[in-house]
2 protein chains.
Amino acid sequence: MSTTAEASEQPRIPLNSERVLHAAVDIADEEGIESLTMRNLAHHLGVEAMSLYYHVENKAALLDGVVDVIISEIMEEVSTVDSPPPEDDWRRALRERILAARRVLLRHKWAPALIEQRSTMSPAVIFYFEGTLEILRRGGFSYDLAHHAMHALGSRALGFTQELFQPDDAAGEEASEEMFEAMADQLPYLAGMMIEIAHEGPDSTLGWCDDQTEFEFGLDVLLHGLESRLAASQ
Amino acid sequence: MSTTAEASEQPRIPLNSERVLHAAVDIADEEGIESLTMRNLAHHLGVEAMSLYYHVENKAALLDGVVDVIISEIMEEVSTVDSPPPEDDWRRALRERILAARRVLLRHKWAPALIEQRSTMSPAVIFYFEGTLEILRRGGFSYDLAHHAMHALGSRALGFTQELFQPDDAAGEEASEEMFEAMADQLPYLAGMMIEIAHEGPDSTLGWCDDQTEFEFGLDVLLHGLESRLAASQ
DNA sequence: ACCTGAACACCGTTCAAGT
DNA sequence: ACCTGAACACCGTTCAAGT
């Protein structure tokens with residue numbers, strides 16, 4: 001799948017932008033997004049770096065294309081869930097849509113940061129939000145309230161939220177804990193929380209993003225709050 | 001303030017890490033974060049690039065230091081607001097704290113992305129969250145619920161949320177609109193929303209982040225939702 | 001103690017050239 | 001139509017050396 005193409009005698013299959021983009025996703029998945037360089041990508045495809053520019057305008061366009069691949073994957077995943085019609089239960093329909101999107105991002109942990117970074121107004125992203133808006137409208141939201149709701153959801157609508165501290169390796173976690181202990185006497189509330197809450201191991205699922213239960217808690221708080229607004233508007 | 005130090009006959013004031021970090025913030029403010037390179041930073045300080053490594057371990061440490069400068073500025077701003085004691089009105093106290101933090105980020109629009117990117121568990125960040133947790137506790141939250149609440153707030157607790165599409169220049173906006181119009185017939189809900197909602201000009205305040213009214217809407221929805229949870233827990 | 005110059009290993013990208 | 005090689009203008013960083 002992602003084996004580096006070796007110099008072989010077989011006639012070379014010509015590249016196309018689709019193959020380039022999927023190879024880019026594979027590299028990000030397996031080696032991390034920081035390894036996604038033009039030179040490394042070319043190497044994986046058994047080609048010189050400069051050849052990529054025939055299929056992709058530049059690196060920025062490559063990254064936009066990668067985001068599109070991920071969003072397309074999200075669209076596919078979202079289309080497989082069979083929620084109740086939004087007229088019956090918009091809250092459940094929206095919730096399941098968002099959790100489906102999240103499932104895809106769990107397979108590509110580097111993707112949330114990239115999606116935010118590039119804030120791409122691509123067709124794929126637009127279509128995704130069209131579907132989200134449809135649920136809200138069919139659930140009874142005015143355009144105005146639906147618009148606010150989508151802003152309030154923010155990146156959560158796509159299945160992720162950037163969590164502040166989430167050490168990405170064990171070393172980082174250890175360092176944080178040491179620092180924390182050194183300051184514990186000046187941090188009565190945090191210290192109290194640490195004592196009371198069983199720090200239940202590495203449940204974090206989306207890299208430096210939140211883990212599943214926290215994501216669902218925050219999502220449900222928002223959905224509940226939005227429901228109040230909807231009720232007040234009707 | 002940020003003028004490049006010229007070759008002058010005055011005896012050179014020796015650098016220190018504080019001056020380095022503040023110069024770095026100035027560069028990010030005035031030239032954009034992408035202009036914050038070791039070489040450019042050194043040039044602004046009238047020094048060779050290699051000199052910086054005497055005061056800062058490497059670029060990663062520089063960026064962590066820059067984040068700390070911003071968080072310190074937030075701490076200062078937050079300390080100037082005189083909210084009611086959280087025992088009387090935790091919701092207002094928390095709201096005003098968050099909006100104060102946001103005011104600082106509006107002065108450093110590049111900062112939210114950097115803060116997320118580096119997810120630094122620095123003393124400054126920890127102290128900020130200690131203060132947030134204090135409000136929740138004194139407002140009646142259990143440690144467990146307060147913990148969930150802080151996750152639910154996420155980066156909003158620091159005064160920002162990363163909005164998905166927010167074109168950063170006029171050209172980008174125009175391009176998006178063209179694309180949108182080309183697809184309008186396949187996007188009935190988004191098209192309907194566009195028609196109904198007056199697209200009230202460039203109100204966006206935090207770069208590709210949300211504008212002030214949307215931020216407050218989302219914040220209030222969350223605070224309301226959290227209040228429900230609190231009431232249910234008491 | 002503080003700063004420098006040359007050099008290295010990387011980037012993305014251009015341009016003219018090959019098949 | 002598709003790919004390449006050499007070169008350019010950048011990065012962050014090392015290391016040995018200067019004052």
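Reader: In what order do the elements of chain A run from the N terminus on?

Author: From the N terminus on, the elements of chain A run α-α-α-α-α-α-α-α-α-α. Chain A comes to 10 helices and zero strands. Helices (H or I, at least four residues) and strands (E, at least two) are DSSP runs, numbered from the N terminus. The model is predicted: local features need pLDDT of at least 70, side-chain atom pairs count only at pLDDT 80 or more, and totals for chains, interfaces and linings use all residues. Residues are numbered from 1 along each chain as its sequence is written, chains are lettered from A and ligands numbered from 1 in the order in which they are written, and side-chain values use heavy atoms, with hydrogens and water left out.

Reader: What percentage of the residues of chain A count as buried, and what makes a residue buried?

Author: Of the 234 residues of chain A, 49% count as buried. Buried means under 20% relative accessible area, exposed over 50%, and partly exposed in between (1.4 Å probe, protein chains only).

Reader: Why do Trp90(B) and Phe141(B) form a pair called edge-to-face?

Author: Rings of Phe, Tyr and Trp (its six-membered ring) pair if their centres lie within 6.5 Å; planes under 30 degrees apart count as stacked, over 60 as edge-to-face and the rest as tilted. Trp90(B) and Phe141(B) are 4.8 Å apart centre to centre with 85° between the planes, and these values make the pair edge-to-face. Trp90(B) lies in helix 4 (residues 86-107) of chain B and Phe141(B) in the loop between helix 6 (123-138) and helix 7 (143-153), so the pair ties together parts that are 51 residues apart in sequence. Both Trp90(B) and Phe141(B) are buried.

Reader: What class of pair do the rings of Tyr128(B) and Phe129(B) form, and why?

Author: Their centres are 5.6 Å apart and their planes at 90°, so this pair is edge-to-face. Tyr128(B) and Phe129(B) are both buried. Over all chains the count comes to four aromatic pairs.

Reader: What makes the charged end of Arg137(A) count as sitting over the ring of Tyr143(A)?

Author: A charge sits over a ring if NZ of Lys or CZ of Arg is within 6 Å of the ring centre and within 35 degrees of the ring normal. The charged end of Arg137(A) is 3.7 Å from the centre of the Tyr143(A) ring and sits over that ring. Arg156(A) lies over the face of Phe215(A), at 5.8 Å from the ring centre.

Reader: Which residues come nearest to DNA strand C, and what makes a residue count as near?

Author: A residue is near a strand or molecule if one of its heavy atoms lies within 4 Å of it. Of the 17 residues around DNA strand C, Arg39(A), Lys59(A), Glu48(B), Ser51(B) and His55(B) come nearest. Sugar and phosphate account for 52% of the atoms of DNA strand C that come within 4 Å of the protein.

Reader: How far is a base nitrogen of DNA strand C from an N or O atom in the side chain of Arg39(A)?

Author: The distance to Arg39(A) is 2.5 Å. For a phosphate oxygen of DNA strand C, the distance is 2.9 Å to an N or O atom in the side chain of Tyr53(A), and 2.8 Å to a polar backbone atom of Lys59(A).

Notes. Polar contact = N/O pair within 3.5 Å; in protein donor to acceptor, adjacent residues only side chain to side chain.
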